[in-house]
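Visitor: I am new to this structure. Could you pick a single part, look at it closely, and then show how the rest is arranged around it?

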Amino acid sequence: MRNDTDNLIVKLTFELALEIISYSEEIRKSNRFEMASQIFRSGTSIGANIREAQNAESKADFIHKFKISAKEADELFFWLELCQNSEFYPNPSAELINKLKSINLIISKIISTSKKN
């Protein structure tokens with residue numbers, strides 16, 4: 001099995017997924033299952049696609065997996081913004097939002113660099 005502990009984006013997206021699991025469970029406690037599920041799916045999918053990209057069959061496949069992760073990150077931003085602006089959901093922490101922004105920047109940079117090479 002591969003050792004991804006030295007791969008920054010794999011590590012960051014795994015840590016984000018763990019935080020998303022905790023946040024979605026917090027939402028579930030107030031019986032808001034639909035939103036919790038949406039956040040859970042998009043938030044954990046980012047890292048799953050990054051991990052899958054590590055075994056890409058081609059450069060195009062690698063870029064495609066990262067693009068899917070970028071889309072999932074954008075979707076997660078949407079759900080978190082809804083939570084921030086709704087009185088019915090707990091606010092996501094600023095730390096969670098900042099981690100997502102950092103990950104999004106790294107993903108974008110990896111995509112653009114991969115396209116050039």
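Guide: Start at Lys99, which is partly exposed, with a relative accessible area of 27% (buried means under 20% relative accessible area, exposed over 50%, and partly exposed in between, with a 1.4 Å probe and protein chains only). This is a predicted model, in which local features need pLDDT of at least 70, side-chain atom pairs count only at pLDDT 80 or more, and totals for chains, interfaces and linings use all residues. Residues are numbered from 1 along each chain as its sequence is written, and side-chain values use heavy atoms, leaving out hydrogens and water.

Lys99 forms a salt bridge with Glu19, and the closest N and O atoms are 2.3 Å apart (a salt bridge is a side-chain nitrogen of Lys or Arg within 4 Å of a carboxyl oxygen of Asp or Glu). Glu19 lies in helix 1 (residues 8-28) and Lys99 in helix 4 (residues 94-116), so this pair ties together parts that are 80 residues apart in sequence (helices, H or I with at least four residues, and strands, E with at least two, are DSSP runs numbered from the N terminus). Glu19 counts as partly exposed, at 23% relative accessibility.

Lys99 also forms a salt bridge with Glu95, where the closest N and O atoms are 3.6 Å apart. Glu95 and Lys99 are four residues apart in helix 4, so about one helical turn separates them. Taken together, Glu19, Glu95 and Lys99 are linked in a network of salt bridges.

A search of the whole structure finds six salt bridges. One of them joins the side chains of Lys65 and Glu52, at 3.1 Å from N to O. Lys65 lies in helix 3 (residues 59-85) and Glu52 in helix 2 (residues 33-53), so here the parts tied together are 13 residues apart in sequence. Lys65 is buried, with a relative accessible area of 14%, whereas Glu52 is partly exposed at 43%.

Helix 4 has 23 residues and reaches 33 Å from its first C-alpha to its last, close to the 33 Å expected at 1.5 Å a residue (the expected span is 1.5 Å times one less than the number of residues). Its buried residues are Leu96, Ile97, Leu100, Ile103, Asn104, Ile107, Ile111 and Ser114. These buried residues of helix 4 pack against helix 1, helix 2 and helix 3 (contact means heavy atoms within 4.5 Å).

Ser24 is placed in helix 1 and is buried, with a relative accessible area of 0%. Apart from neighbours within four places in sequence, Ser24 is in contact with Ala36 and Phe40. Ser42 lies in helix 2 and counts as buried, at 1% relative accessibility. Not counting residues up to four places away in sequence, Ser42 touches Glu72, Glu75, Leu76 and Trp79.

Trp79 is buried, with a relative accessible area of 16%. Residues up to four places away in sequence aside, Trp79 touches Met35, Gln38, Ile39 and Ser42. Trp79 and Ser42 are 37 residues apart in sequence, while their C-alpha atoms are 9.0 Å apart in space.

A loop residue gives another view. Asn55 lies in the loop between helix 2 and helix 3 and counts as exposed, at 51% relative accessibility. Asn55 and Ala36 are 19 residues apart in sequence and 30 Å apart in space, C-alpha to C-alpha. In helix 1, where Ile21 lies, Ile21 counts as partly exposed at 34% relative accessibility.

Confidence comes last. The protein chain averages a pLDDT of 95, and 96% of the residues score at least 70 (pLDDT is the predictor's confidence in each residue, from 0 to 100).
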